[in-house]
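Hi there,

Here is the structure I promised to pass on.

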Amino acid sequence: MRHGGQPGCGGRAVMAQRPLSAFRRITRLAGPARSPPTSGPTEEQHDGECVCGRRRRRPRGARHRHGLRARRQGAEDRGDLVHLGHRDRGGLDGAGLQPRRDPRLHRRDRGIGLQAPAVILVAFIPMGCIAAAYNYMNRADPDCGTTFSWVTLAMGPRIGWMSGWAVLVADILVMPSLAQIAGVYSCDLVGVSDPSTLTVTIIGVLWIIIMTGICYIGIELSARTQQLLLGMEFATLTLFAVVALVKVYSSDPQGSIHPTFSWFNPFAISGVGALSGGVLLAIFIYWGWDSAVSVNEETEDGATSSGRAAVVSTFILLAIYIVVAAAAQAFGGTKTLINNQDDVFAPIAKSVLGSPLDKLLIIAVLTSASASTQTTILPATRTSLSMARKGAIGARFGAVHKRYLTPSFSTIWMGVVSIAVYVLLSATSQNLVADAFTSLSMTIAFYYGITGVACAWFYRHHLFASARNFLYLAFLPLLGAVILAFIFVKASIEYAHKDGGYAKPFLGVGSPVVITLAMIIIGLIWFAWRYVQDPEFFRRKPQPVDHEIARTIHDRPTKEPV
């Protein structure tokens with residue numbers, strides 16, 4: 001990554017977090033079954049020119065310019081990008097290792113049995129497909145707004161605006177869960193086993209303030225913080241998995257099970273309903289790999305290296321989740337997992353690692369939740385920065401700090417809104433904190449899926465230039481989009497049931513869907529206000545990929561499209 005000169009338009013240059021936060025709910029299912037002017041761009045600057053008035057370079061490696069600080073170039077940069085992709089914002093629980101019992105498990109999403117690793121494998125398919133879409137859209141338009149920028153470019157400003165709003169909504173709604181887990185496990189670390197809601201909320205708010213401050217001060221500090229937290233987390237995961245498996249095969253602990261091939265076979269799951277229900281939960285474990293892409297403008301050759309890092313990250317995440325899930329399942333056995341669905345690690349941590357090493361898991365959860373809080377703030381602020389610079393939202397969101405070269409207003413805004421939402425939900429009902437997280441399945445499926453569609457449509461004149469183009473620019477993105485569309489519909493139906501959430505239903509509709517509808521209404525109101533207030537953005541026209549850019553995507557030069 002580069003220091004000095006005119007840095008990229010934005011992006012996240014931090015190492016990603018939260019593999020620990022990612023796998024627990026799936027393991028639990030083993031039971032029964034991201035100092036130019038702050039004004040927005042002019043229309044002349046829209047096509048082919050950056051907001052600072054310099055012409056965009058179209059070849060591979062081109063970068064837009066939003067005035068953020070690029071990190072110093074070094075051999076570790078590519079590794080940082082891959083680490084960024086490791087960050088799993090959503091996870092299966094919304095934060096850290098702390099699981100959340102999904103209310104749907106009490107109805108009919110049973111029958112996964114010991115096939116939790118298989119569910120993780122299946123859930124990887126749409127994420128791997130959409131990672132291909134991110135990779136190639138990033139090559140054409142390495143913008144910190146990622147989905148917002150790409151969908152606007154390919155499909156038009158209206159759906160692009162709503163895609164950007166979906167990204168913001170997802171990052172805002174996951175913050176209460178992240179803060180809550182940070183609060184709970186901070187108390188656990190010091191021996192307070194049953195803290196009050198007020199205590200947890202205060203500690204959670206403090207964590208949000210600390211991580212917001214780190215994001216505000218600069219990208220270098222953010223990256224170093226992530227490196228430390230990620231290293232601790234991976235080390236703990238590796239230690240846990242290795243020790244657990246060694247004990248299973250060497251001492252055969254009571255209730256333990258030797259792993260078998262059927263654990264990794266999705267066809268061994270009792271039914272399609274159980275499999276789709278498990279995938280609906282498991283989809284969260286991979287959410288966040290796109291962080292590696294949004295660091296594009298603060299990365300040397302970010303147009304290519306960021307996208308590749310995202311793809312590599314999904315595979316690394318897959319390996320981590322499967323190994324840890326299998327290890328916990330093998331050591332604990334079905335009875336332990338069934339009886340401890342709220343926390344599968346707590347009852348086996350001491351047996352696996354012994355005292356006081358079992359405290360490492362508490363520290364790992366805490367570092368996971370805190371790091372995720374930080375890396376949730378970063379992408380949201382980069383998305384709002386990109387939206388502001390394009391005129392989609394108020395120009396104030398495009399302000400960049402003169403010293404730190406970070407999105408100053410957007411960062412503060414994200415921190416304040418996160419605290420407000422967390423305190424409101426926590427004070428109203430702890431169940432609403434869980435339901436805010438549960439509703440994310442619909443938001444994530446929407447903006448990941450629409451990115452897949454945008455990729456195929458954007459490259460539509462070049463899909464048949466080669467078999468490789470068709471595979472990576474059309475087949476995989478659209479396959480991912482179709483699967484995510486199914487997940488969106490299934491989640492909408494499942495969570496619309498009166499018992500689809502933790503909190504009481506509203507007019508007979510489950511609270512996760514109610515929360516989603518509320519966020520859609522808020523988005524439509526903001527959309528309408530911006531349309532009336534500053535309609536220039538909404539007059540933009542969608543366009544296919546520029547031929548010169550497309551030539552850098554192909555294995556060989558292509559003819560101009562007819």
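Let me start with the salt bridges, where the rule is a side-chain nitrogen of Lys or Arg within 4 Å of a carboxyl oxygen of Asp or Glu. By that rule the count comes to four. Before the details, please note that this is a predicted model, so local features need pLDDT of at least 70 and side-chain atom pairs count only at pLDDT 80 or more, while totals for chains, interfaces and linings use all residues. Residues are numbered from 1 along each chain as its sequence is written, and side-chain values use heavy atoms, with hydrogens and water left out.

One of the salt bridges joins K390 and D143, at 2.7 Å from N to O. This pair links distant parts of the chain, 247 residues apart: K390 sits in the loop between α13 (359-389) and α14, and D143 in the loop between α4 (116-140) and α5 (147-155). Helices here are DSSP runs (H or I, at least four residues), numbered from the N terminus. Both K390 and D143 are buried, where buried means under 20% relative accessible area, exposed over 50%, and partly exposed in between (1.4 Å probe, protein chains only).

R530 also forms a salt bridge, with D534, at 3.3 Å between the closest N and O atoms. R530 is buried at 5% relative accessible area, whereas D534 is partly exposed at 29%. E536 and R539 form another, with closest N and O atoms 3.2 Å apart; E536 is partly exposed at 31% and R539 is exposed at 52%.

Now the aromatics. Rings of Phe, Tyr and Trp (its six-membered ring) pair if their centres lie within 6.5 Å; planes under 30 degrees apart count as stacked, over 60 as edge-to-face and the rest as tilted. The structure holds 22 such pairs. F527 and Y531 have ring centres 6.4 Å apart and planes at 20 degrees, so they are stacked. The two are four residues apart in helix α18 (residues 511-533), about one helical turn. F527 is buried at 16% relative accessible area, while Y531 is partly exposed at 37%. Both belong to one aromatic cluster that also includes F148, W161 and W526.

Finally, R460 lies over the face of W457, 4.0 Å from the ring centre; the test is CZ of Arg (or NZ of Lys) within 6 Å of the ring centre and within 35 degrees of the ring normal.

Happy browsing!
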